[in-house]
Amino acid sequence: MLRIAVPNKGMLSEPAWNMLAEAGYRLRSNPRQLVVEDQDNEIELFYLRPLDIAVYVGHGTIDVGITGRDLLLNSQTEAAEHLALGFGASTFRFAAPEASPITRLEDIDGKRVASSYDKLVGDYLAERSIHAEIIHLDGAVESSVQLGVADLIADVVSTGTTLRNAGLRVFGDPILHSEAVLIRSPRVSQQDERLVVLERRLQGVLTAQRYALMDYDIPVSKVAAAVAVTPGFESPTISPLHDKQWCAVRVMVPRERVNQLMDRLYSVGARGIIVTALQASRI
């Protein structure tokens, strides 16, 4: 039975739960339930703190888990990233007070950096031969400069509003681009059939999120032009209609380009264009 750890709370939790549900796995029925055994799919789900998931996967008996790339790299474990999951995107960056002379990476040398991600920041600076004191804080690091604990911070940035409200500005290149990832225990082979099935299911959900199913009618004489607009994966499905001068086309298209593709198909001569959302897939 494959043991899977998922976030019990936080911004990664609901997208992770939704992805597993769409992949056909049974989730908990009440928020106090921390372990779910899904006999039909031969898995056990463990609801854990996001900060701890990489530790349980790297050092414990959990086989795989869903967590952030930043949390994985900061965990000091041998758990490995296996699959990027396409949600929970964030950027990890340095930030200093507006009036601070710290504007370049080199200016960090000899300074105090407050962060909840000691290892991640320490490794990044060490690789660039920059020596700084890393001040560990468990949260709300944006207050550390004002309260005299640090000279600058390193933290997750989404919109930057929280940093600006604290009188801070980001500088330098991003330390890391993070997102939710499926991580694997060092004890689990990449070829493990249980992991292969899980990955295939999650890939199917990712494909369903990125693509839509498009159906349209097109004159037979214009099929080649329409297929050039919507080539699909291997090839579109083309079926004859009662009117032999027309045929029906079914094809998967990128969801983000649906409206542009419909405009182009209409110009080519397609009619009756219908788009259907996908729930799951196998490509």
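I started with the open sheet of 5 strands and noted its order, β8-β7-β9-β6-β10, with mixed pairing. Strands here are DSSP runs of E with at least two residues, numbered from the N terminus, and two of them pair if DSSP finds at least two bridges between them. At the edges I found β8 (133-136) and β10 (168-178), each with a single partner strand, so one side of each has no neighbour in the sheet. On average, neighbouring strands are turned by 30 degrees against each other, direction ignored; the axes are lines fitted to C-alpha atoms.

A note on ground rules: this is a predicted model, where local features need pLDDT of at least 70. Residues are numbered from 1 along each chain as its sequence is written.

Next I looked up the partners of β9. Strand β7 (residues 112-115) pairs with β9 (residues 152-157) in the parallel sense over 2 bridges, and V113 has L152 in β9 as its bridge partner. Strand β6 (residues 90-97) runs antiparallel to β9, joined by 5 bridges; here R93 is bridged to D155 of β9.

Note on methods
Predicted model: local features only at pLDDT ≥ 70, side-chain atom pairs only at ≥ 80, totals over all residues. Heavy atoms only, no water. Helix = DSSP H or I, 4+ residues; strand = E, 2+ residues; numbered from the N terminus. Axes fitted to C-alpha atoms, helices over the stretch in contact; angles between N-to-C directions.
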